[in-house]
Amino acid sequence: MSYLIVHTFGFSVYFVFFLLFLWARSIPRTNAGSGWWAISISFALLARLSLMLLIPTNDLRLITSIYAAINLLEKPFLLIGLYRFLNLDTKPRWPWLVVMLAELWLLAAWVTDISQFNRNIGYSLVNAGFMSWMAWTCYKHRNEVPRWLLSASVAFAAMGIHWLCGPVLIKLYPSWFLDGFLLGTMLVLLQYMSLLGATLSQFQKRLIDAESKALDMAFLDPLTGLNNKRYMNTLFDHALLLATRPHHLVAIFYIDLDNFKPINDTAGHHVGDEVLKAIAARIKGIVRSTDICARVGGDEFIVIGTQLESENQAFEVAKKLLSQMTQKVQVGEHQYMLGASIGISLYPHHARDLSELIQCADSAMYQVKRNGKSGYEIYKAQNDGAPMQPQMAH
């Protein structure tokens with residue numbers, strides 16, 4: 001395999017990754033590391049381009065010196081990109097100092113006509129140092145980074161060993177010069193592929209988190225933190241699965257607060273909001289993990305109780321809910337006395353559809369209102385074909 005083929009391959013691969021990192025950098029709010037890595041690989045790209053252009057001169061000293069001078073500039077940008085990706089100190093000065101000294105070493109080697117082996121040793125030590133430091137940085141922060149960055153750590157470590165061994169192998173086996181370039185290209189490919197994978201992995205996590213947050217916003221009542229009606233409709237079928245065992249029931253508790261409107265009218269909506277938050281917290285404190293509770297209106301709540309074994313168990317839940325609703329609510333220095341009218345319907349006794357069950361529970365709740373408020377009733381189906389009527393459950 002000729003030098004031209006090897007370097008054409010390396011140039012093509014680097015150019016593709018340069019475009020991919022530029023694309024990643026263009027995505028809004030993407031980690032800034034990708035921008036620095038685009039710059040770093042651009043210097044690797046230029047170094048390969050210089051090789052391709054200078055190979056016809058057959059001046060090995062000129063070719064390797066220019067390649068080394070350009071390639072050195074890749075390393076500080078690569079390191080800063082890693083620091084930015086990990087949210088570490090974004091202004092390290094020592095990489096620039098090291099690169100400046102290395103460039104001066106290359107210049108001195110050129111002026112003084114130092115042996116190629118000694119020049120390569122100094123240049124390789126700097127590159128190996130950068131790679132080893134980046135490998136250690138990735139490993140040190142292994143619990144904070146995507147798994148892709150751990151593979152980059154392996155590539156950095158392997159590249160560090162490659163730089164350390166390169167000058168010695170070339171001196172002992174001159175043919176290793178071409179083989180070393182090919183191996184280095186493979187390692188750089190793995191290195192940048194891992195960095196790109198880490199960038200895209202972090203981007204994927206951001207999308208998943210955003211989707212989760214959007215779902216929470218879609219299914220949660222922003223004031224009380226309870227679920228909303230959309231969530232309740234979505235999970236009702238799941239609630240029915242929990243009631244498939246023989247003799248298990250699902251109960252719908254429709255809760256309408258009593259005496260809430262006067263609080264809004266006299267104390268203001270900000271106080272009313274605090275009262276609703278307190279009531280929601282009490283409801284959440286009663287329900288089980290398998291139950292569903294939602295705010296469906298200004299002062300209206302629905303609780304779906306699952307895995308109930310009898311109507312009496314539904315009455316016990318309603319009694320606990322009513323007990324909490326009738327306790328005073330403290331807001332600032334003032335206390336407010338409420339109450340609640342609770343209507344109950346049962347699946348599958350009263351209906352098999354959520355909207356019908358809610359209508360039954362709502363009808364029972366209004367019967368409580370007509371009977372003087374602050375109570376609970378169950379909707380009872382008649383066996384003679386007459387319309388279903390609520391039945392008092394006190």
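**Figure 1. Salt bridge between Lys369 and Asp258.** The side chains of Lys369 and Asp258 meet in a salt bridge with an N to O distance of 2.5 Å (salt bridge: a side-chain nitrogen of Lys or Arg within 4 Å of a carboxyl oxygen of Asp or Glu). Lys369 belongs to helix α13 (residues 354-370) and Asp258 to strand β1 (residues 249-258), so the pair ties together parts that are 111 residues apart in sequence. Helices (H or I, at least four residues) and strands (E, at least two) are DSSP runs, numbered from the N terminus. Asp258 is buried, at 1% relative accessible area, whereas Lys369 is partly exposed, at 21% (buried: under 20% relative accessible area; exposed: over 50%; partly exposed: in between; 1.4 Å probe, protein chains only). The model is predicted: local features need pLDDT of at least 70, side-chain atom pairs count only at pLDDT 80 or more, and totals for chains, interfaces and linings use all residues. Residues are numbered from 1 along each chain as its sequence is written, and side-chain values use heavy atoms, with hydrogens and water left out.

Figure 2. Lys277 is partly exposed at 35% relative accessibility, as is Glu274 at 37%.

Figure 3. Val331 lies in strand β4 (residues 329-331) and is buried, with a relative accessible area of 15%. Leaving aside neighbours within four places in sequence, Val331 is in contact with Val271, Glu274, Val275 and Tyr336 (contact: heavy atoms within 4.5 Å). The C-alpha atoms of Val331 and Glu274 are separated by 6.8 Å, although these residues are 57 residues apart along the chain.

**Figure 4. Lining of the largest cavity.** Tyr67, Tyr123, His162, Trp163 and Phe181 lie nearest the centre of the largest cavity, among the 32 residues of its lining (cavity: on a 1 Å grid over the protein atoms alone, a set of points where a 1.4 Å probe fits but cannot get out; lining residues have an atom within 4 Å of a point). Helix α8 gives the most to this lining, with 8 residues.

Note on methods. 1 Å grid on protein atoms, 1.4 Å probe; cavity = no way out; pocket = protein on both sides within 12 Å on 5 of 7 lines; lining within 4 Å.
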